[in-house]
Amino acid sequence: MTGEIRPGDVGRAAQVLLDAEASRTSRGPITAQWPDLDLATAYTVQFEALRRRLDRGERLIGVKLGLTSRAKQRRMGIDFPSLAWLTDAMVLPAGAPLPRERLIHPRAEPEIVFVMGDRLAGPGVTSATALRAVATVHGGLEIIDSRYRDFKFTMADAVADNSSSGLFSLGPVGRTPDGLDLAHEACLLEVDGQVEDAAAGAAVQGHPAEALALAANLLGERGLAVEPGWVVLTGGMTDAVHVTPGARVAAHFTTLGTVTVAGG
Ligand code: OOG
Ligand code: MG
């Protein structure tokens, strides 16, 4: 039967989530069928799904941190971040309307985004070394989309589901990190011209470069690294807002410009 998962079947769990994404059908959490799915195993499901994405021709272009801000951790009831993968299929060109036919129940969140100049390999990466490896900093909007009904999941479910990856859009302004004060970089999140939320870069692990260092150190544990040219989404600064059809979501950053997504 479609959607059935036996505990321990990593390949099946990965495929069921990819199928839900492709068919735009939300489903119950994996942990309903595999209650003792732990985080380490959830990451193997996530990695297997990435392998299948690459097999079908997608290209790995970076990573995204999840749950790096209090606003997001509070909603999930957890206190540590997660890591997931970005492929070229997840790029939404700036200003393009949301392809709703590819999404189940999209939500938008503003993020500070790094495009890497140098390779960054953990362990032992600090925020200072991390920032030196950055080529440009952008304001971004991530469009998250969970494969789980009503975004109801445990941390392990979310990790298996590539941290609710959907699409992301980068603002046109790319600045070198020198002279930027990213802890104080503010963002106003607007929906149809109304301010919904606001936050500063410090909301993300105290400084977005801490999130980048964390990514390098987590990848280092697996013998991987943040690679030159990669995009690193450092995590939602605020909680995510629903993107309803016809809505217009804008993230206005102090020095990183404005990113807009039209609800499609
Ligand atoms: C997980 C997605 C987390 C972020 O920036 O925190 C994420 C979720 O809340 O659905 O992308
Ligand atoms: Mg995010």
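1. Start with confidence. This is a predicted model, and the chain has a mean pLDDT of 96, with 99% of its residues at 70 or more. As for the overall scores, ipTM comes out at 0.96 and pTM at 0.97.

2. Next, find ligand 1. You'll see it in the largest cavity, with 16 residues around it.

3. Now for the polar contacts, which involve oxygen atoms of the ligand. Glutamate 109 puts a polar side-chain atom 2.7 Å from an oxygen atom of ligand 1. Glutamate 142 also takes part through its side chain, with an N or O atom 3.0 Å from an oxygen atom of ligand 1. On its own, ligand 1 has 320 Å² of accessible area, and the protein covers 100% of that.

4. Which elements supply at least two residues each of the shell around ligand 1? They are strand E1 (60-66), helix H3 (70-76), strand E3 (107-116) and strand E4 (134-144). E1 gives the largest share, with 3 residues.

5. The shell around ligand 1 is made up of 6 charged, 5 polar and 5 nonpolar residues.

Key: Residues numbered from 1 in each chain as written. Chains lettered and ligands numbered in written order. Predicted model: local features only at pLDDT ≥ 70, side-chain atom pairs only at ≥ 80, totals over all residues. Heavy atoms only, no water. pLDDT = per-residue confidence, 0-100. Near = heavy atom within 4 Å. Polar contact = N/O pair within 3.5 Å; in protein donor to acceptor, adjacent residues only side chain to side chain. Areas by Shrake-Rupley, 256 points an atom, 1.4 Å probe, with all protein chains shown as cover. 1 Å grid on protein atoms, 1.4 Å probe; cavity = no way out; pocket = protein on both sides within 12 Å on 5 of 7 lines; lining within 4 Å. Sits in = over half its atoms within 2 Å of the grid points. Helix = DSSP H or I, 4+ residues; strand = E, 2+ residues; numbered from the N terminus. Nonpolar A, V, L, I, M, F, W, Y, C, P; charged D, E, K, R; others polar.
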